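The sequence and the coordinates come first.

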Amino acid sequence: MLIHKTDFKGLLILQPKKYRDNRGSFYESWNKEVFKKIGLDIDFVQDNQSYSHKNVLRGLHFQNPPNAQGKLVRVTRGIALDVVVDLRKKSSTYGKYFKIELSSEKSNMLWIPSGFAHGFIALDNETIFQYKCDSLYRPESEKCLLWNDETLDINWGIKNPIVSSKDQQGESFKMFNSPF
C-alpha cells in the first residue's frame with residue numbers, strides 16, 4: 001500500500017498494490033492490520049455505495065460532531081472527481097478544497113478524516129462509488145454545503161451537473177459556522 005500525503009493534515013491518498021494477470025486483477029482495499037501499521041487504526045462501522053449516471057454530482061456532505069464521520073472512499077466502477085473541503089477552524093487549509101480523480105482502473109482511494117465536507121461528480125456512466133465510515137449515519141447530524149458556493153469556487157469541470165433538490169439547498173460557506 002502506497003501512501004501519499006496531501007497538503008491537508010490527515011487527508012491521505014492510498015494506492016493499493018494491484019495484481020494483474022490473464023484472468024484480470026486483484027487488490028486488497030482494506031486490511032485492519034495494514035492500516036494500523038500506517039497509522040490508521042480505524043474501526044469502520046458502516047459501508048455505503050452509490051450508483052450514479054454521468055454528470056451526477058453528490059455533495060458537499062458532512063455530519064456534525066459528535067457524529068462526524070471519517071471516510072475511506074473509492075470508485076469500483078467508472079471514474080469520479082472527488083472533492084473535499086476542510087471545515088476544521090484551526091487548520092491551515094480551513095475553507096480550502098482538495099480534489100482528485102478516483103477510478104476503478106487506478107484503484108486509488110482517499111482517506112478523509114472527520115472535519116471535511118465531501119462530494120463527488122460521476123465522470124462516467126454507471127459510476128459506482130463506495131465508502132467505509134468510522135461513524136454511523138445520523139440524519140439529525142447531516143449537513144450540506146452548496147456544491148457551487150461562490151466563496152469555495154470549486155471547479156467541478158462540468159457546467160450543468162445533475163444535482164438533487166436536497167443538495168441544491170446546501171448552506172453557503174460564508175454563512176457557515178463550523179463546529180469543527
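## Terms and basis

For the residue classes used below, Ala, Val, Leu, Ile, Met, Phe, Trp, Tyr, Cys and Pro count as nonpolar, Asp, Glu, Lys and Arg count as charged, and the others, Gly among them, count as polar. The model is predicted: local features need pLDDT of at least 70, side-chain atom pairs count only at pLDDT 80 or more, and totals for chains, interfaces and linings use all residues. Residues are numbered from 1 along each chain as its sequence is written, and side-chain values use heavy atoms, with hydrogens and water left out.

## Overall dimensions

The chain has two helices and 14 strands; helices (H or I, at least four residues) and strands (E, at least two) are DSSP runs, numbered from the N terminus. Along its principal axes the C-alpha trace spans about 50 × 35 × 30 Å. A compact globule of 180 residues would have a radius of gyration near 16 Å, and the chain agrees with this at 16 Å. That radius is taken over C-alpha atoms, and the globule rule is 2.2 Å times the number of residues to the power 0.38.

Of the 180 residues in the chain, 48% are buried. Buried means under 20% relative accessible area, exposed means over 50%, and partly exposed lies in between (1.4 Å probe, protein chains only).

## Cavity

Rolling a probe the size of a water molecule over the atoms shows where empty space is left. On a 1 Å grid over the protein atoms alone, a cavity is a set of points where a 1.4 Å probe fits but cannot get out; a pocket is an open set with protein on both sides within 12 Å along at least five of seven lines, and lining residues have an atom within 4 Å of a point. Grid points are joined across faces, edges and corners, and a volume is the space filled by probe spheres set on the points.

The search of the whole structure gives one cavity of 30 Å³ or more. The largest cavity holds about 60 Å³ of space. Its lining includes His-61, Phe-62, Lys-71, His-118 and Phe-180. By class, this lining has five nonpolar, six polar and one charged residues. Strand 6 and strand 11 each supply at least two residues of the cavity lining, and strand 6 gives the most, with three.

## Largest pocket

The largest pocket contains about 390 Å³ of space. Its lining has 21 residues, of which His-61, Lys-71, Tyr-131, Glu-142 and Lys-166 lie nearest the pocket centre. Two or more lining residues come from each of strand 5 (46-52), strand 6, strand 11 (116-122) and helix 2.

Strand 6 contributes the largest share of the pocket lining, six residues. Sorted by class, the pocket lining has seven nonpolar, nine polar and five charged residues.

## Ring contacts

Rings of Phe, Tyr and Trp (its six-membered ring) pair if their centres lie within 6.5 Å; planes under 30 degrees apart count as stacked, over 60 as edge-to-face and the rest as tilted. The count by this rule is ten aromatic pairs. Phe-62 and Phe-176 are edge-to-face, because their ring centres are 5.6 Å apart and their planes stand at 75°. This pair links distant parts of the chain, with Phe-62 in strand 6 (residues 56-63) and Phe-176 in the segment after helix 2 (165-168), 114 residues apart. Both Phe-62 and Phe-176 are buried.

Phe-62 also forms an edge-to-face pair with Phe-180, at 6.2 Å centre to centre and 65° between the planes. Since Phe-62 lies in strand 6 and Phe-180 in the segment after helix 2, this pair ties together parts 118 residues apart in sequence. Phe-62 has 5% relative accessibility and counts as buried, whereas Phe-180 is partly exposed at 22%. Ring pairs join Phe-62, Tyr-94, Phe-173, Phe-176 and Phe-180 into a cluster.

## Backbone exceptions

Most residues other than glycine have a negative phi, and most peptide bonds are trans. Gly-59 and Leu-60 are joined by a cis peptide bond with omega about 10°, and Leu-60 lies in strand 6. The bond from Pro-65 to Pro-66 is also cis, with omega near 10°; Pro-66 is in the loop between strand 6 and strand 7 (71-77).

Asn-55, not a glycine, has a positive phi of about 75° and sits in the loop between strand 5 and strand 6. Ser-107 has a positive phi of about 60° and is found in the loop between strand 9 (97-103) and strand 10 (109-112). Asn-55 is partly exposed, with a relative accessible area of 25%, while Ser-107 is buried at 1%.
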